[in-house]
Amino acid sequence: MSQIILASASPRRRELLEQVGIEFEVCPAQGEEVITGTKPWAVVEELSRQKAEEVAASMLMYQEEHPDLVTPEDLLVIGADTVVALDERILGKPKDEAEAVSMLTMLAGRTHSVYTGVALVFIDKSGRTGEHVFHEKTDVAVYAMTDEEIARYVAGGEPMDKAGAYGIQGAFAIYVREIRGDYNNVVGLPVARLYQELMRIGWNPFCDFTKK
């Protein structure tokens, strides 16, 4: 038996995994995020690792405390974190509409980068663990936007729970001029790279994690 755990409450990441046919369960990480790096790629790798390790540790603890309730199985925990960066300045989720307007004003008419870090924590039936972390970068060019367009977009509410104050899969699509890289990475999870990394290290998510 094998099981995949997504350590994220993001509905977009859940939809992407479902889209490619990977079966999984959701167990969001709850711990406080601690950032020690400054480069966007380092930040997303660090945060994704924290999420995956937290959930993996809780799974191991539960197995140790309730061995009579747990069926031994291989586990894969997937942690992910996405940030938007303009000139390497990280833009997180806006705290209010005024900050959303500020972020979009900075992004309008320019090209920025979206980084997603992915951490894979493996736990085999004996409790041994392994870890693999990577990140993906996508460049997004945005058309110039008027103050009225920015205000209208922000008023719709879409920016408020999204890094960089926009969702590329939503109404903001009409302002995206060009994408260089993986579109799904901007949505929140580079599923193609995820699959390739799993296969590269010898794990097939469609074959009960049987090693090649």
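Val43 is buried in this predicted model, with a relative accessible area of 4%, where buried denotes a relative accessible area under 20%, exposed one over 50%, and partly exposed anything in between, computed with a 1.4 Å probe on protein chains only. Residues are numbered from 1 along each chain as its sequence is written, and side-chain values use heavy atoms, with hydrogens and water left out. Because the model is predicted, local features need a pLDDT of at least 70 and side-chain atom pairs count only at pLDDT 80 or more, whereas totals for chains, interfaces and linings use all residues.

Val43 belongs to helix H2, which covers residues 40–65; helices (H or I, at least four residues) and strands (E, at least two) are DSSP runs, numbered from the N terminus. When neighbours within four places in sequence are set aside, Val43 is in contact with Ile35, Gly37, Thr38 and Ile90, contact being defined as heavy atoms within 4.5 Å. Ile4, by comparison, is 39 residues from Val43 in sequence, and the C-alpha atoms of the two lie 24 Å apart in space.

The protein chain as a whole contains six helices and seven strands, which follow one another along the sequence in the pattern β-α-β-α-β-β-α-β-β-α-β-α-α. For 212 residues, a compact globule would have a radius of gyration near 17 Å, and the 18 Å of the protein chain agrees with this; the radius is taken over C-alpha atoms, and the globule rule is 2.2 Å times the number of residues to the power 0.38. The C-alpha trace spans about 60 × 30 × 30 Å along its principal axes. Buried residues make up 48% of the 212 residues, and, of the contacts with a separation of 6 or more, 68% link residues 24 or more positions apart.

Helix H3 (residues 97–107) and helix H4 (residues 147–155) have axes that come within 10 Å and cross at roughly 135°, the axes being lines fitted to C-alpha atoms, for helices over the stretch in contact, with angles running from 0 to 180 degrees between N-to-C directions. H3 is therefore oblique to H4, since angles under 35 degrees count as roughly parallel, over 145 as roughly antiparallel, 65 to 115 as roughly perpendicular and the rest as oblique. On the H3 side the contact is made by Glu97, Ala100, Val101, Leu104 and Thr105, and on the H4 side by Ile150, Tyr153 and Val154. These residues divide into six nonpolar, one polar and one charged, with Ala, Val, Leu, Ile, Met, Phe, Trp, Tyr, Cys and Pro counted as nonpolar, Asp, Glu, Lys and Arg as charged, and the others, Gly among them, as polar.

In helix H6 (residues 191–200), the residues Val191, Leu194, Glu197, Leu198 and Met199 are buried. The buried residues of H6 pack against helix H1 (11–19), strand E3 (74–86), strand E5 (111–123), strand E6 (129–142) and helix H5 (183–187). After H6 comes Gly202, with a positive phi near 95°.

Most residues other than glycine have a negative phi. Glu88, however, which is not a glycine, has a positive phi near 70°; Glu88 is placed in the loop between E3 and strand E4 (89–91) and is partly exposed, with a relative accessible area of 47%. Ala165 likewise has a positive phi, of about 70°, although it is not a glycine. Ala165 lies in the loop between H4 and strand E7 (176–180) and counts as buried, at 0% relative accessibility.
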